[in-house]
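Visitor: Please show me the model, and let us then go through its architecture by question and answer.

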Amino acid sequence: MPKYTKCLTLYEFDYETDNAKTTAFNVGRFLNDNWDKVDAAILNILESASGMNRSDITIPVSSWITDTVYPYHCDVPCAGVDAEMIPLLTILPESMAVAQDCGMASCAQTLDGFLRVYAETIPAEPIQVSLALLGVKPTIDAEEGE
């Protein structure tokens with residue numbers, strides 16, 4: 001009876017239950033299937049790390065509230081964002097003056113389902129930003145053995 005690895009469910013020969021002398025070497029099962037799973041997992045990691053989760057968003061004027069860390073913060077709803085992600089936030093050129101006028105902080109924070117941004121005062125107009133996320137956890141489609 002073969003074994004499978006926990007994370008990628010790669011096929012492993014089980015020397016306790018399989019007979020190395022009588023078991024035929026199956027290239028497709030022993031090598032190709034495993035390499036396909038490794039290749040898919042690496043592709044998933046590379047896509048996640050290469051800024052695939054970048055989007056332009058608008059920070060509204062209406063959602064700012066007082067804060068204990070900075071005078072104000074705004075939680076912008078962002079589908080797919082979780083608290084463990086690291087935001088890379090860039091203010092778009094058309095919003096630079098508004099962001100400077102309100103003293104927008106150079107830091108941001110991810111929360112489950114939200115991006116939190118900070119400012120010294122509530123901005124006079126919505127602020128356009130580009131958001132890229134780092135630390136995206138790769139999803140590995142692991143199925144139990146065949």
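Visitor: Which residue of S8 does Asp75 stand opposite?
Guide: This is a predicted model, in which local features need pLDDT of at least 70 and side-chain atom pairs count only at pLDDT 80 or more, while totals for chains, interfaces and linings use all residues. Residues are numbered from 1 along each chain as its sequence is written, and side-chain values use heavy atoms, with hydrogens and water left out. Strands are DSSP runs of E of at least two residues, helices are runs of H or I of at least four, and both are numbered from the N terminus; two strands pair if DSSP finds at least two bridges between them. S5 and S8 (residues 114-119) pair in the antiparallel sense over 6 bridges, and the residue opposite Asp75 is Arg116.

Visitor: How many residues lie between S4 and S5 in their hairpin?
Guide: Strand S4 (residues 64-66) runs antiparallel to strand S5 (residues 72-77), and 3 bridges join them. Within this pairing, Thr66 stands opposite Tyr72. The number of residues between the two strands of the hairpin is 5.

Visitor: What is the order of the strands in the open sheet of 3 strands?
Guide: Strand S3 is joined to strand S9 (residues 127-134) by 5 bridges, and the two run antiparallel; here Ser55 stands opposite Leu131. The pairing in this open sheet is antiparallel, and the order is S3-S9-S6.

Visitor: Why is one side of S3 and of S6 left without a neighbour in the sheet?
Guide: Strand S3 (55-59) and strand S6 (86-91) stand at the edges of the sheet, so one side of each lacks a neighbour there, each having a single partner strand.
Neighbouring strands of this sheet are turned against each other, direction ignored, by an average of 40 degrees. For such angles, axes are lines fitted to C-alpha atoms, for helices over the stretch in contact, and the range is 0 to 180 degrees between N-to-C directions.

Visitor: Which residues is Ile59 in contact with, leaving aside its neighbours within four places in sequence?
Guide: Contact means heavy atoms within 4.5 Å. Ile59 belongs to the residues with the most contacts inside the largest nonpolar core. With those neighbours left aside, its partners are Trp64, Cys74, Val76, Met104, Val117, Pro126, Ile127 and Val129.

Visitor: How many aromatic pairs does a search of the whole structure find?
Guide: Rings of Phe, Tyr and Trp (its six-membered ring) pair if their centres lie within 6.5 Å; planes under 30 degrees apart count as stacked, over 60 as edge-to-face and the rest as tilted. Tyr4 and Tyr11 form an edge-to-face pair, with 5.8 Å centre to centre and 80 degrees between the planes. Tyr70 and Tyr118 form a tilted pair, with 6.1 Å and 55 degrees. The number of pairs found is 2.

Visitor: Where do Tyr70 and Tyr118 lie in the chain?
Guide: Tyr70 is partly exposed, with a relative accessible area of 24%, whereas Tyr118 counts as buried at 7%. Their pair links distant parts of the chain, 48 residues apart. Tyr70 is in the loop between S4 and S5, and Tyr118 is in strand S8.

Visitor: Is Tyr11 buried or exposed?
Guide: Tyr11 is found in strand S2 (residues 11-12). Leaving aside its neighbours within four places in sequence, Tyr11 is in contact with residues including Pro2, Asp18, Arg29 and Phe30. At 11% relative accessibility, Tyr11 counts as buried.

Visitor: What is the phi of Thr9?
Guide: Thr9 lies in the loop between strand S1 (3-4) and S2, and Thr9 is buried, with a relative accessible area of 4%. Most residues other than glycine have a negative phi. For Thr9 the value is positive, near 50 degrees.

Note on methods. Buried means under 20% relative accessible area, exposed over 50%, partly exposed in between (1.4 Å probe, protein chains only). A nonpolar core is a set of buried Ala, Val, Leu, Ile, Met, Phe, Trp, Tyr and Cys residues joined through side-chain atoms within 4.5 Å.
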